[in-house]
Amino acid sequence: MDIESSLRTAIERDEFELYYQPILSSETDRVIGAEALIRWRKSDGGMISPGEFIPIAEETGLILPIGEWALRTACRQAVVWRDMGLPEITVAVNISARQLQRQDLAHVTQALLEEAGLEARLLKIELTESAVMADVDHAIAIFKDLERMNIKISVDDFGTGYSSLAYLKRFPIHTLKIDRSFINGILDNEDDRAIIGSIIAMAHSLNLRLVAEGVETEAQYELLGKLGCDEIQGYYCSPPVPAADFVAYVQKNH
Ligand code: G
Ligand code: G
Ligand code: MN
Ligand code: NA
């Protein structure tokens, strides 16, 4: 079977799973969020990475049902964590351009929140800079709907596209996630450090929160905290892990 036909049946066969990567506050060093990242385990046991199948899901439109499954699953998981009495954790779900193009993203999201019984403020929607820029007026309209519903929006992979912070000011967004390509060099490259410093300063002047992605070492973690970065995500803290391991991580780091 080709990957497209296997993808078509993967939801019915329950082959998808969400992993969760912790996001820490640099102020408290505690877990305040999780990014949900989809995993596909085929019936033969083989794992296919999202980097491989998400583009196909986008081309074929299968990202619509898969994306809805991911949103529903993440909302339910957040309710489970809340009801376990874990410290408050915001769950971020990746949404692709194709999902944003739909008129009813806000409605679908509202319905899934209600179905799960999750407060809107505990959900974040992550969109890449390029998905946002693909149709700016439409994105702004959808973001306004989401904002009215009290759902926060993060711009993912920030810095890899062509948008400027001055431009993003038009959008009702809450958080910028600095792409990991900027984090790699901050310790030994003065230019990279200067770029991060100015992104942080400008973002804060626009009242945006900043997350650094791809933080892999303690030295990077410490430096980003000093530079004023609000939240940290990366292998240094933890890779994406199954839900049960995420809970263990939160309990250990609290
Ligand atoms: O998890 P990984 O570490 O391999 O993620 C690879 C890419 O797949 C990332 O760019 C991520 O944004 C994307 N991705 C992971 N899960 C989802 C999802 O549920 N929906 C969408 N649209 N993209 C996802
Ligand atoms: O949605 P986004 O494209 O930001 O997806 C995050 C991707 O980055 C996932 O594929 C995740 O597994 C990966 N990732 C998370 N932390 C790190 C890290 O510290 N280093 C690297 N190289 N990749 C990471
Ligand atoms: Mn993301
Ligand atoms: Na990213």
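User: Hi! Which residue is the bridge partner of Ser154 in strand 7?

Analyst: That's Thr175. This is a predicted model, and in it three bridges join strand 6 to strand 7 (residues 175-178). Those two strands run parallel.

User: How much of strand 6 is buried?

Analyst: Six of its seven residues are buried, so strand 6 is largely enclosed by the rest of the structure.

User: And what about strand 5, how many of its residues are buried?

Analyst: Six of the six residues in strand 5 (residues 123-128) are buried, so this strand too is largely enclosed by the rest of the structure.

User: Which way do the side chains there point?

Analyst: Leu123, Ile125 and Leu127 point one way from strand 5, while Lys124, Glu126 and Thr128 point the other way. All of them are buried, the lysine and the glutamate included. As background, side chains in a regular strand alternate between the two faces of the sheet.

User: Nice. How many bridges join strand 5 to strand 6, and how do they run?

Analyst: Five bridges join strand 5 to strand 6 (residues 152-158), and the two run parallel. Lys124 has Lys152 of strand 6 as its bridge partner. Strand 4 (residues 90-94) is also joined to strand 5, by four bridges, again in parallel. There, Val91 stands opposite Leu123.

User: Switching to the ligands. Which residues come nearest to ligand 1?

Analyst: Leu37, Ile38, Pro50, Ala70 and Ser96 come nearest, out of 13 residues around ligand 1. Strand 2 (31-41), helix 2 (50-60) and helix 3 (63-84) each supply at least two residues of that shell.

User: How does that shell divide into nonpolar, polar and charged?

Analyst: Around ligand 1 there are eight nonpolar residues, five polar and no charged.

User: And what is closest to ligand 2?

Analyst: Ligand 2 is surrounded by 13 residues, and the closest are Asn94, Gly214, Glu216, Gly234 and Tyr235. The shell around ligand 2 divides into four nonpolar, four polar and five charged residues.

User: Let's do helix 11. Which of its residues are buried?

Analyst: In helix 11 (residues 218-226), Gln220, Tyr221 and Leu224 are buried. Seen down the helix axis, the buried residues fall within an arc of 100°, so they line one face of helix 11.

User: What covers the buried residues of helix 11, and what is on the face turned away?

Analyst: The cover includes helix 9 (180-183), strand 8 (209-212) and strand 9 (231-232). The face turned away from the buried side carries the exposed residues Glu218, Ala219 and Lys226. Helix 11 is followed by Gly228, whose phi is positive, near 95°.

User: Which residues other than glycine have a positive phi?

Analyst: Asp14 is one of them, with phi near 60°. Asn150 is another, with phi near 75°. For context, most residues other than glycine have a negative phi.

User: Where do those two sit?

Analyst: Asp14 is in the loop between helix 1 (3-10) and strand 1 (16-25). Asn150 is in the loop between helix 7 (136-148) and strand 6.

User: Buried or exposed?

Analyst: Both count as exposed: Asp14 has 10 other C-beta atoms within 10 Å, and Asn150 has 12 C-beta neighbours inside 10 Å.

User: Last topic, Arg30. Where is it, and what is it in contact with?

Analyst: Arg30 lies in the loop between strand 1 and strand 2. Leaving aside neighbours within four places in sequence, Arg30 is in contact with Leu24, Ser25, Pro87, Asn253 and His254.

User: How far apart are the C-alpha atoms of Arg30 and Pro87?

Analyst: They are separated by 9.3 Å, with the two residues 57 apart along the chain. Arg30 itself is partly exposed, with 13 other C-beta atoms within 10 Å.

User: Great, thanks!

How values were computed
Residues are numbered from 1 along each chain as its sequence is written. Chains are lettered from A and ligands numbered from 1 in the order in which they are written. This is a predicted model: local features need pLDDT of at least 70, side-chain atom pairs count only at pLDDT 80 or more; totals for chains, interfaces and linings use all residues. A residue is buried if 20 or more other C-beta atoms lie within 10 Å of its own, exposed if 12 or fewer, and partly exposed in between; C-beta atoms are placed from the backbone. The arc is that of the directions from the helix axis to the C-beta atoms. Two residues are in contact if their C-beta atoms, placed from the backbone, lie within 7 Å. A residue is near a molecule or strand if its C-beta atom, placed from the backbone, lies within 6 Å of it. Ala, Val, Leu, Ile, Met, Phe, Trp, Tyr, Cys and Pro count as nonpolar, Asp, Glu, Lys and Arg as charged, and the others, Gly among them, as polar. Two strands pair if DSSP finds at least two bridges between them.
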